[in-house]
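Please read them with the coordinates open.

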Amino acid sequence: EKVLVLDNIQDPGNFGTIIRSALAFNFKTIIISNDTVDLYNPKVIQASQGSIFKVNVIREDKETIFNLLKDYQIVVTALKKAVDYKTIEIPNKLALVLGNEGNGVSSFFLNKAHNIIKIIHNPEIESLNVATAGAILLNYFQNNS
């Protein structure tokens, strides 16, 4: 079983695009932190292209999210102290955490992570857009688990 956790995603276009990718790659439960943009923002709905109505979205505070994930291996994305995502063993119960566009995953989830992963890319750019990184990782974890 795989779930996606969104930690303080602020851009409605990114959020909707991530929902669309999650459905495309069979992550049908998405747990969002209370500080994530409103699920029913018109731009979220538009960017999701209808996918929003085909996934289960749960909005909770971070502590409750962590408690919901007690049986899951928590895998978070980060730029520092992270390993290439292709090198980790993919757990049967995966909770993939994507973070805020500017600040990344909160220290709350970083401190609770079983694995901290990154996507290796050209060093000429600082980072990938969260929706792009999400699509890459969602596809990988769907196809390799």
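The points below go from the whole chain to single residues.

1. Every value below is computed from it, so treat each as a property of the prediction.

2. **Overall dimensions.** The chain has 145 residues and a radius of gyration of 14 Å. A compact globule with that number of residues would come out near 15 Å, so the two agree. Along the principal axes, the C-alpha atoms fill a box of roughly 35 × 35 × 30 Å.

3. Of the 145 residues, 47% count as buried. Take the contacts in the chain with a separation of 6 or more: 77% of them come from residues 24 or more positions apart.

4. **Element order.** The chain holds five helices and seven strands. Along the sequence the pattern reads β-α-β-α-β-α-β-β-β-α-β-α.

5. **The sheet.** Seven strands form an open sheet with parallel pairing. Their order is β3-β2-β1-β6-β4-β7-β5. The edges are β3 (56–60) and β5 (83–84). Each has a single partner strand, so one side of each lacks a neighbour in the sheet.

6. **The β4/β6 pair.** Strand β4 covers residues 73–77 and strand β6 covers residues 94–99. They run parallel and are joined by four bridges. Within this pairing, Val76 has Val97 of β6 as its bridge partner.

7. **Helices on the sheet.** Which strands does helix α1 touch? Helix α1 (residues 12–24) packs on the sheet against β1 (2–7), β2 (29–33) and β6. Its direction makes about 175 degrees with that of β1. Helix α5 (residues 130–143) also packs on the sheet, touching β1, β4, β6 and β7 (115–118). The direction of α5 makes about 170 degrees with that of β6.

8. **Helix α1, geometry and ends.** With 13 residues, α1 reaches 18 Å from its first C-alpha to its last. That is close to the 18 Å expected at 1.5 Å a residue. Asp11 caps the N-terminal end, with a side-chain oxygen 3.0 Å from the backbone nitrogen of Gly13. Just after the helix, Asn26 takes a positive phi of about 65 degrees.

9. **Helix α1, buried side.** The buried residues of α1 are Pro12, Asn14, Phe15, Gly16, Ile18, Ile19, Ser21, Ala22 and Leu23. These buried residues pack against β1, β2, α2 (42–48), β6 and α5.

10. **Ala131.** Is Ala131 buried or exposed? Ala131 sits in helix α5. Its relative accessibility is 7%, and the cut-off for buried is under 20%, so Ala131 counts as buried. Leaving aside neighbours within four places in sequence, Ala131 is in contact with Asn14, Thr17 and Ile18. For a distance check, Ala131 and Phe25 are 106 residues apart in sequence, yet 13 Å apart in space, C-alpha to C-alpha.

11. **Thr77.** Thr77 lies in strand β4. Its relative accessible area is 18%, which is under the 20% cut-off, so Thr77 is buried. Which residues does Thr77 contact, leaving aside neighbours within four places in sequence? They are Leu96, Val97, Leu98, Gly99, Val105, Ile117 and Leu137.

Methods: Residues are numbered from 1 along each chain as its sequence is written. This is a predicted model: local features need pLDDT of at least 70, side-chain atom pairs count only at pLDDT 80 or more; totals for chains, interfaces and linings use all residues. Side-chain values use heavy atoms; hydrogens and water are left out. Two strands pair if DSSP finds at least two bridges between them. Helices (H or I, at least four residues) and strands (E, at least two) are DSSP runs, numbered from the N terminus. Contact means heavy atoms within 4.5 Å. Axes are lines fitted to C-alpha atoms, for helices over the stretch in contact, and angles run from 0 to 180 degrees between N-to-C directions. The expected span of a helix is 1.5 Å times one less than its number of residues. Buried means under 20% relative accessible area, exposed over 50%, partly exposed in between (1.4 Å probe, protein chains only). A polar contact is a pair of N or O atoms within 3.5 Å; within protein, one must be able to donate a hydrogen and the other to accept it, and residues adjacent in sequence count only if both atoms are side-chain atoms. The radius of gyration is taken over C-alpha atoms; the globule rule is 2.2 Å times the number of residues to the power 0.38.
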